[in-house]
Amino acid sequence: MAASAPTISFVSLGCPKALVDSERIITRLRAEGYALTNRHDGADCVIVNTCGFLDSAKEESLEAIGTALAENGKVIVTGCMGAQPQSISERFPNVLSITGPQAYESVVAAVHEAVPPAHDPKIDLVPPQGIKLTPRHYAYLKISEGCNNRCSFCIIPSLRGRLASRPLPEVMREAERLVAAGVKELLVISQDTSAYGLDLRHAATSWKGEALENRILDLARGLGSLGAWVRLHYVYPYPHVDHLVPLMAQGLILPYLDIPFQHASPTVLKAMRRPAAQEKTLTRLARWREICPDIAIRSTFIVGFPGESEADFEELLAWMSEAQLDRVGCFIYEPVAGAAANDLGLPAIPRAVAEERHERFMLHQQAVSLAKQRAKIGKTVSAIVDEITPKGGVGRTMHDAPEIDGSIILSASRPLEVGDIVTAKIKRADAYDLRGSVI
Ligand code: SF4
């Protein structure tokens with residue numbers, strides 16, 4: 001990079017989807033010769049990619065903007081919070097520009113205005129796979145934006161709009177480039193992965209001469225043929241999800257399904273505007289396990305939703321005992337400004353009650369997880385190495401996504417490398433993590 005290259009400091013907040021937006025903007029800026037720095041002080045300008053999902057995330061975003069203004073002064077704001085620009089401009093009238101999510105062109109245009117690009121013909125070109133903020137051996141692959149569902153606790157559809165899927169060949173090209181650049185694990189993300197292609201009317205397309213359709217089943221098959229681990233996140237429980245499980249049994253994609261069920265009481269699910277047939281879901285879970293006995297089901301839940309009675313909550317705990325989920329996250333309901341749930345006329349749950357339910361939920365699931373994890377002792381698993389340690393490394397099994405699930409602490413008699421996929425025998429287990437030795 002030329003010594004005189006203008007420098008940009010970048011703050012990326014929020015979910016993996018926002019991280020992909022950041023990666024795209026950075027890729028473009030790097031291609032134009034901008035350099036990146038992690039210090040606001042001395043940078044030519046700062047870009048803050050905000051998250052507006054929860055009020056706590058909004059507060060974190062506002063703090064990041066405030067810090068950038070204090071330390072640098074030239075600040076460009078983008079991301080989810082930018083979809084409601086007045087919430088930023090009222091507090092920080094001096095920011096240079098505010099744009100919503102995926103507004104790559106506008107962000108780059110704002111950078112050009114604040115700091116024109118240096119014209120250096122010898123400038124480094126971006127590697128074909130782009131610049132990734134995630135470690136080299138795994139990468140997030142965003143397949144669509146927006147969402148057609150209207151879950152009452154969620155403002156994502158109003159922030160990010162209706163479902164807009166990327167055409168299958170475009171996703172495949174990106175995935176192929178990532179794998180060619182050394183990525184060993186592709187994490188498929190979107191707001192609603194199972195709805196992929198609905199907006200494209202599942203139109204016929206092709207990839208390398210093979211006739212395919214713009215739908216998740218064909219995309220999963222295509223991605224599975226690239227030779228990397230393929231992990232599906234944010235799968236809404238539509239009936240056609242059942243067809244993905246045989247691909248897991250065949251080893252084409254990882255035996256891992258991340259389906260946010262959110263609750264189990266039909267009353268709460270109805271108020272949340274989520275599918276409410278949890279009895280049927282238990283039957284489906286049993287069927288999935290029959291087809292692919294090694295499948296891990298990950299889910300997230302919300303406790304303390306308005307109107308959630310003690311009976312609703314106990315119904316959730318009883319359902320959890322039946323469902324025997326493998327990986328579980330739980331959030332306390334937050335009345336996000338603009339969410340339809342605030343206008344349902346349902347009584348808010350006092351914070352202390354919601355916190356107590358959260359704790360009970362976690363303890364309940366810990367017992368389920370511990371039993372499931374202990375049952376793995378003595379078994380042999382595949383693990384991807386994330387980190388090297390003096391005695392071996394820290395990795396993840398096929399049942400563990402980065403950042404959100406557990407790890408496997410590996411001991412090895414030979415040197416490991418980040419991104420290696422090894423076979424390990426499990427020696428010990430707690431509710432979240434495993435210990436094993438590489439064979
Ligand atoms: S599926 Fe529901 S929770 Fe997920 S983004 Fe769409 S509206 Fe929000």
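Helices are DSSP runs of H or I of at least four residues, numbered from the N terminus. In this predicted model, helix α3 covers residues 86–89 and includes Ser 87. Confidence is summarised by a mean pLDDT of 90 for the protein chain. Of its residues, 95% reach 70 or more. Residues 120–126 stay under 50. For that stretch the model has twelve contacts beyond four places in sequence.

Gln 86 is exposed, because 8 other C-beta atoms lie within 10 Å and the cut-off for exposure is 12 or fewer. Its C-alpha atom is 20 Å from that of Gly 14, a residue 72 places away in sequence. Ser 87 has 17 C-beta neighbours inside 10 Å and therefore counts as partly exposed. Between Ser 87 and Asp 312 the C-alpha separation is 35 Å, and the sequence separation is 225 residues.

Helix α2 runs over residues 55–71. Its 17 residues should span 24 Å at 1.5 Å a residue. The end C-alpha atoms are 24 Å apart, so the span agrees with expectation. Six names make up the buried set: Ala 57, Lys 58, Ser 61, Ala 64, Ile 65 and Ala 68. Viewed down the axis of α2, these buried residues fall within an arc of 120 degrees, so they line one face of the helix. The spacing has a simple basis. An α-helix has 3.6 residues a turn, so residues three or four places apart point the same way. On the face turned away from the buried side, α2 carries the exposed residues Asp 55, Ser 56, Glu 59, Glu 63 and Ala 70. Just after α2, Gly 73 adopts a positive phi of about 105 degrees.

The ligand shell was considered next. Around the ligand are Cys 147, Asn 149, Arg 150, Cys 151, Cys 154, Ile 156, Pro 157, Gln 191, Asp 192 and Tyr 236. By class, the shell divides into six nonpolar, two polar and two charged residues.

Helix α7 spans residues 216–224. Its buried residues are Ile 216, Asp 218, Leu 219, Ala 220, Gly 222 and Leu 223. They pack against two helices, α6 (168–180) and α8 (245–249). They also pack against the strands β9 (185–189), β10 (204–207), β11 (210–213) and β12 (229–232).

The loop between β9 and β10 holds His 202. His 202 is not a glycine, yet has a positive phi of about 50 degrees. It is partly exposed, because 17 other C-beta atoms lie within 10 Å, between the limits of 12 and 20. Leu 198 is placed in the loop between β9 and β10. With 18 C-beta neighbours inside 10 Å, Leu 198 counts as partly exposed. Leu 198 and Leu 163 are 35 residues apart in sequence, and their C-alpha atoms are 7.9 Å apart.

A positive phi of about 50 degrees is also found at Gln 324, which is not a glycine. Gln 324 sits in the loop between α11 (310–323) and β15 (327–332). It has 15 C-beta neighbours inside 10 Å and therefore counts as partly exposed.

Helix α12 comprises 24 residues, 351–374. From first C-alpha to last, α12 reaches 34 Å, close to the 34 Å expected at 1.5 Å a residue. Its buried residues are Ala 354, Arg 357, Gln 365, Ser 369 and Gln 373. The cover over these residues includes helix α11 and the strands β14 (296–303), β15, β19 and β20 (434–438).

Strand β19, part of that cover, extends over residues 421–429 and includes Ile 421. Ile 421 is partly exposed, with 15 other C-beta atoms within 10 Å. Leaving aside neighbours within four places in sequence, Ile 421 is in contact with Lys 184, Ser 382 and Ile 384. Its C-alpha atom is separated by 8.9 Å from that of Gly 395, which lies 26 residues away along the chain.

How values were computed:
Residues numbered from 1 in each chain as written. Predicted model: local features only at pLDDT ≥ 70, side-chain atom pairs only at ≥ 80, totals over all residues. Near = placed C-beta within 6 Å. Nonpolar A, V, L, I, M, F, W, Y, C, P; charged D, E, K, R; others polar. Expected span 1.5 Å × (residues − 1). Arc of directions from axis to C-beta. pLDDT = per-residue confidence, 0-100. Contact = placed C-beta atoms within 7 Å.
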